[in-house]
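Colleague: Please take a close look at one helix packing site in this model. Then place that site in the wider fold.

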Amino acid sequence: MAKKFDVITFGRSSIDLYSQNIGSPFNDIQGFDAFVGGSPLNIAVGCARLGVKTSLLTAVGDDKVGEFIVNFLDREGVNTDCVPIKDTARSSAVVLGIEPPDRFPLVFYRDNAADSQVDIDDVDRANIPEHRILLINGTAMNMEPSRSATFYAAEVAGKNNVGVVLDLDFRADQWHDYRAYGITMRAVLPRVKIAIGTEEEILAATMENTSQVTIKDQQISAPEIKGDIDGSIERLLATGIETLIVKRGKDGASIYGTDGARQDVPGFPVDILNILGAGDAFASGFLYGVLQGWDLYKACRMGNASGAHVVTQKGCANFMPTLKESLDFIEKNGGF
């Protein structure tokens with residue numbers, strides 16, 4: 001039986017305040033542009049702009065920021081019927097600097113975050129069986145009740161022929177203990193068909209020893225994670241997932257199957273303005289390809305094109321490419 005929707009993404013949503021002063025140190029920022037963000041929201045918008053019928057399962061507070069977020073989603077054509085308002089919580093916010101080529105400091109405001117209050121009842125109301133793919137998110141599992149709700153959503157999906165994709169999304173300062181992130185990811189992975197992450201996120205998902213972590217910059221809580229990436233990839237594949245996609249930035253992506261074989265998918269060379277949101281753009285392009293029945297190489301190539309578009313922009317969801325933009329970009333840069 002045909003599904004009503006293509007994709008439902010589950011997790012963070014926020015107002016994102018981006019520096020208007022490109023290249024200025026964070027302390028010298030004079031003003032901010034108001035966009036929206038949060039990895040699952042970005043992916044939902046990216047999918048919608050590509051023509052995918054998309055829902056977002058998140059929550060907002062009973063506040064003007066929540067109205068701002070939902071209004072944007074409605075304009076983009078994302079189904080917001082499963083976005084509850086949490087009266088006792090607040091909509092999330094993120095403040096971001098842009099210092100190309102390699103510094104993009106950000107500060108999360110997620111104390112009592114509404115999107116962390118999504119519960120099992122909210123999952124039931126989201127009608128996950130009406131979707132072809134459920135995308136779940138690492139940060140949504142950092143606390144209750146959204147952690148149990150995510151596991152439940154994956155369980156419902158598995159019982160109803162809904163493919164589960166995990167965006168590893170490791171945000172170090174959102175976890176009380178780095179090891180808790182790895183334990184949680186390894187617990188949910190047996191319910192997942194495809195996992196997507198960077199090398200750092202894959203290492204974090206297999207991390208057991210906090211001595212493997214150092215903090216490079218307290219301002220942005222960015223960890224430097226050490227370890228055997230090949231061993232970590234092998235360990236994640238052993239959880240039962242069918243495919244692991246490793247995002248490699250300007251170098252594109254790598255596809256790993258259950259046999260551990262690696263297939264590299266080249267990226268597209270562009271001048272980078274802002275890397276924030278590039279991984280989310282990749283996920284939306286990749287999901288579009290999967291939904292079209294493309295092979296994984298072609299789907300990743302589409303993801304790379306979406307990511308390349310976003311790194312030339314100064315925001316995330318607000319700058320996701322349309323289908324025409326992505327296909328034109330690919331055609332001009334060597335094709336699939």
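Modeller: The axes of α8 and helix α9 (residues 296–310) come within 7 Å and cross at roughly 145 degrees. Axes here are lines fitted to C-alpha atoms, for helices over the stretch in contact, and angles run from 0 to 180 degrees between N-to-C directions. The crossing of α8 and α9 is right-handed. That term applies if the near helix is turned clockwise from the far one by less than a right angle, and left-handed if anticlockwise. From α8, the contact takes A278, A281, F282, G285, F286, Y288, G289 and V290. From α9 come L296, A299, C300, M302, G303, N304, S306, G307 and V310. Contact means heavy atoms within 4.5 Å. By class, this α8 and α9 contact has 11 nonpolar, 6 polar and no charged residues. Ala, Val, Leu, Ile, Met, Phe, Trp, Tyr, Cys and Pro count as nonpolar, Asp, Glu, Lys and Arg as charged, and the others, Gly among them, as polar.

This is a predicted model: local features need pLDDT of at least 70, side-chain atom pairs count only at pLDDT 80 or more, and totals for chains, interfaces and linings use all residues. Residues are numbered from 1 along each chain as its sequence is written, and side-chain values use heavy atoms, with hydrogens and water left out.

Helix α8 (residues 278–291) also meets helix α1 (residues 39–49). Their axes come within 8 Å and cross at roughly 45 degrees. That makes α1 oblique to α8; angles under 35 degrees count as roughly parallel, over 145 as roughly antiparallel, 65 to 115 as roughly perpendicular and the rest as oblique. The crossing of α1 with α8 is right-handed. S39, N42, I43, G46 and C47 of α1 touch D280, A283, S284 and L287 of α8. The residues of this α1 and α8 contact divide into 4 nonpolar, 4 polar and 1 charged.

Now the whole chain. The protein chain has 10 helices and 16 strands. These are DSSP runs, numbered from the N terminus: helices are H or I, at least four residues, and strands are E, at least two. The C-alpha atoms fill a box of roughly 50 × 45 × 45 Å, taken along the principal axes. Buried residues (under 20% relative accessible area, with exposed over 50% and partly exposed in between, 1.4 Å probe, protein chains only) make up 56% of the 336 residues. Among contacts between residues at least 6 apart in sequence, 71% join residues at least 24 apart.
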